[in-house]
Amino acid sequence: MPLLEVKNLHVGVEDEDIRILNGVDLTLDTGQLHALMGPNGSGKSTLASVLAGREEYEVLDGEILYDGEDLLELEPEERAEEGIFLAFQYPVELPGVSMTNFLKESVNSVREARGQEELSSAEFLKMMRERADMMGLDADLTKRSVNEGFSGGEKKRNEIFQLAMLEPRLAILDETDSGLDIDALKNVADGVNKLRDDDRGFLVITHYERILRYIEPERVHVMLDGKIAQSGDMELADKLEDEGYEWVREEAAAAAAA
Amino acid sequence: MTTALDTDVRPEDRFISAFEVNHGQALNGTNASIAQQREDAIERFSQLGIPTNDLELWKYTNISKVIDRPYTLPLGPREASVEESDIAPLLVDDMDAHRVVLVNGRVDESLSDIGELPSGVVVSSLAQAGKDHPNLVEEHYGKYADFEDEALTALNTAFVQDGAFVYVPSGTIVEKPIFFLHVTASDEDLFLQPRHLFVVEDGAIARIVEKQYSLTDANTFTNTVGEVFVGEKGNLDHYLIQDEGPSASQVHTRAAQQKEDSVYSTKTVTFSGEVVRNNATIEADGSFCESNLFGLCIGQNEMHVDNHTRMDHVQPDCNSNELYKHVLNDASTAVFNGKVFVSRGSQRIDAYQQNDTIVLTKDAQIYTKPELEIYADDVVCSHGATTGQMDEDAIFYLRSRGLSERRARILMLQAFCEEVLEELAVDPLRDEVTDQIRTRFGGYFD
């Protein structure tokens with residue numbers, strides 16, 4: 001059974017006559033990393049938000065199966081408990097919420113839901129130090145409020161660090177590579193590679209193929225106007241890098257006319 | 001001695017006739033300055049009258065509706081059967097302090113436990129201090145709380161009987177907090193007017209914690225005036241926790257003067273009350289002063305809380321920090337009016353003022369007005385106010401990391417309060433306030 005099956009997904013914005021996704025089909029297995037590319041406004045981030053349970057989007061048609069179960073029935077926190085993690089494109093600053101307290105609560109709530117034992121403070125701190133080190137996150141950042149005053153790169157690294165802490169089965173990275181310098185980009189890619197394993201699937205949303213050179217996806221999908229317009233392997237990403245998205249649009253238009 | 005206020009006449013006249021009847025008897029006073037000021041004060045009160053919404057300073061707080069009630073005005077000591085067991089739940093767990101309990105504005109020695117004080121330090125009732133230390137009272141009484149423009153300060157000054165007194169002599173450190181627990185207890189509706197005087201001399205350091213509770217469901221109105229003096233290089237950290245419940249109203253005036261190179265901090269947390277008006281004023285009458293005004297109001301039900309502050313910079317090279325935060329639920333209302341005044345010649349002032357509010361319901365309201373009045377040209381002053389709902393992006397972020405919606409909302413409200421909570425430097429007090437806030441927020445999302 002696939003880890004994630006998105007079938008004919010149509011999504012709009014609640015109370016507004018706007019359609020963003022127009023029949024998305026996507027299947028992802030554990031042990032795989034798929035890249036989702038596409039121009040701005042094509043619906044990539046909307047798909048990520050719907051997968052994580054953001055409530056301002058309305059699913060008009062289609063379904064999402066996670067481990068064969070209906071994902072759309074679940075609250076965002078239940079999805080986290082079931083092993084879905086979204087690394088935000090714009091991680092939220094939470095002044096007054098300490099990283100340590102927040103993460104301890106977060107980790108223990110998903111552990112409890114997964115039937116694992118709650119971590120003691122000592123165990124938690126040890127795990128936090130190890131994973132911060134593994135993900136190249138400055139350990140001092142864990143002593144601050146969540147994302148408050150973090151640089152753009154630090155915020156993205158913090159997302160990958162939290163991914164490492166929460167050990168999800170499905171990790172969705174929403175443009176985690178954008179706005180990073182080369183060191184931070186390699187750092188994030190390195191973090192992702194360390195976390196890849198047979199029980200985990202990744203959906204990496206990106207605007208550019210550059211991060212894919214470091215993380216080598218099994219599949220590459222191109223989204224256009226709220227649909228998957230092309231799927232292929234790394235050669236597809238290379239072609240997009242060289243030629244842009246125009247040819248995808250033309251092929252899609254030709255297919256629609258036929 | 002007790003006077004029932006005559007409700008057939010307008011409220012001002014009730015007080016004026018009560019004054020005339022008792023003048024020279026219950027309203028005597030052992031100190032010349034107290035006695036002297038009564039006459040002027042009642043005269044000024046009769047001219048000013050009880051403030052109405054027509055006055056800019058009282059635009060959003062209708063105080064006359066809670067003053068115009070058939071209160072009893074206690075003059076002279078009265079019996080109140082308050083037991084140890086009544087006050088035990090009101091103490092702060094693990095706070096080792098010099099404790100004074102005031103019942104209906106008067107020190108109750110049997111409930112107090114002042115313990116051993118450093119040499120020369122006085123913690124007593126104001127009436128006792130008037131007898132034992134008349135010179136000190138003469139030097140400071142009525143010097144900082146001005147009744148020319150404040151009718152309720154004038155009223156308090158006319159009727160002053162007793163209250164709290166602290167004196168920390170020059171260079172003395174009081175390590176433990178001095179804790180005043182103010183309780184009201186009565187079957188009758190009471191109008192109380194405690195008067196406090198806190199004097200921290202040059203180079204002295206102290207913390208004063210005041211907490212207010214009511215042990216009665218009767219209506220009470222407490223018109224408090226507290227005067228504060230902090231001498232050169234002195235440091236006073238001064239707390240007020242207000243939790244008198246829905247049948248208690250109050251006007252609490254806290255007027256401080258500080259001298260060169262001193263630090264004065266006033267920190268107020270309001271949990272309940274029917275109508276609560278706090279007037280906090282600080283005059284930084286010396287260079288290199290640091291002044292801090294912090295406030296937190298957790299509004300619920302119909303409560304109305306109004307914080308008026310005035311920071312007077314009349315000398316150069318000082319800094320002041322002001323932060324008031326409100327979390328308003330149900331149909332609660334908060335008012336914030338903070339004024340920072342910088343006189344001509346008070347150069348190099350660094351003044352910061354901020355008021356932030358989270359409004360949780362459609363019926364909750366905030367009226368906020370930060371003000372700067374600056375007559376010097378080399379200053380850094382900023383002010384701002386924000387009002388909003390909870391940040392739904394932040395709630396979603398927390399939920400996406402496995403926190404329930406309820407936990408996410410409680411956490412965000414707590415985090416909003418954190419900036420003020422971390423200013424509560426007495427750890428047991430901060431823990432207690434934090435727990436109370438957490439419990440209250442928990443109830444919002446059950």
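A salt bridge is a side-chain nitrogen of Lys or Arg within 4 Å of a carboxyl oxygen of Asp or Glu. In this predicted model, B:Arg14 and B:Asp68 make such a pair, with their closest N and O atoms 2.6 Å apart. Over all chains the structure holds 44 salt bridges, and 6 of the salt bridges found lie across the interface of chain B and chain A.

**Interface of chain B and chain A**

- The contact involves 18 residues of chain B and 31 residues of chain A.
- About 1900 Å² is buried between the two chains, and carbon and sulfur atoms give 61% of this area.
- Of the area that chain B buries against chain A, 42% comes from B:Phe396, B:Tyr397 and B:Arg401, more than from any other three residues.
- Polar contacts across the interface number 14 residue pairs, both residues being at pLDDT 80 or more.
- On the chain B side, the elements that give two or more residues are α8 (392-400) and α9 (405-421).
- Helix α8(B) gives the most to that side, with 7 residues.

**Salt bridges between the chains**

- B:Asp393 pairs with A:Arg54 in a salt bridge whose closest N and O atoms are 2.3 Å apart.
- B:Arg399 pairs with A:Glu55, with the closest N and O atoms 3.3 Å apart.
- This second pair runs from helix α8 of chain B, which holds B:Arg399, to the loop between α1 (44-52) and β4 (57-66) of chain A, which holds A:Glu55.
- B:Arg399 has a relative accessible area of 3% and is buried, whereas A:Glu55 is partly exposed at 47%.
- Both residues of this pair belong to a network of salt bridges that links A:Glu55, A:Glu75, A:Glu77, B:Glu392, B:Arg399, B:Glu405 and B:Arg409.

- B:Arg14 counts as buried, at 4% relative accessibility, while B:Asp68 is partly exposed, with a relative accessible area of 41%.
- B:Asp312 forms a salt bridge with B:Arg310, and their closest N and O atoms are 3.0 Å apart.
- With a relative accessible area of 16%, B:Asp312 is buried, because the cut-off for buried is under 20%.
- B:Arg310 is partly exposed, with a relative accessible area of 30%.

**Helix α6 of chain A**

- An α-helix has 3.6 residues a turn, so residues three or four places apart point the same way.
- At the N-terminal end, A:Asp181 caps α6(A), with a side-chain oxygen 3.1 Å from the backbone nitrogen of A:Asp183.

**Helix α10 of chain B**

- The buried residues of α10(B) are B:Leu429, B:Glu432, B:Val433, B:Thr434, B:Ile437, B:Arg440, B:Phe441, B:Gly442 and B:Tyr444.
- What covers them includes the strands β10 (205-214), β12 (235-243), β14 (263-272), β16 (290-299) and β18 (319-328), along with helix α9, of chain B.
- B:Leu429, in this helix, is buried with a relative accessible area of 0%.
- Beyond its neighbours within four places in sequence, B:Leu429 is in contact with B:Val92, B:Val209, B:Tyr239 and B:Ile241.
- B:Leu429 and B:Asp93 lie 8.0 Å apart, C-alpha to C-alpha, although 336 residues separate them in sequence.

Notes. Residues numbered from 1 in each chain as written. Chains lettered and ligands numbered in written order. Predicted model: local features only at pLDDT ≥ 70, side-chain atom pairs only at ≥ 80, totals over all residues. Heavy atoms only, no water. Polar contact = N/O pair within 3.5 Å; in protein donor to acceptor, adjacent residues only side chain to side chain. Helix = DSSP H or I, 4+ residues; strand = E, 2+ residues; numbered from the N terminus. Contact = heavy atoms within 4.5 Å. Buried area = accessible area lost by both parts, 1.4 Å probe. Buried < 20%, exposed > 50% of the residue type's maximum accessible area, 1.4 Å probe, protein only.
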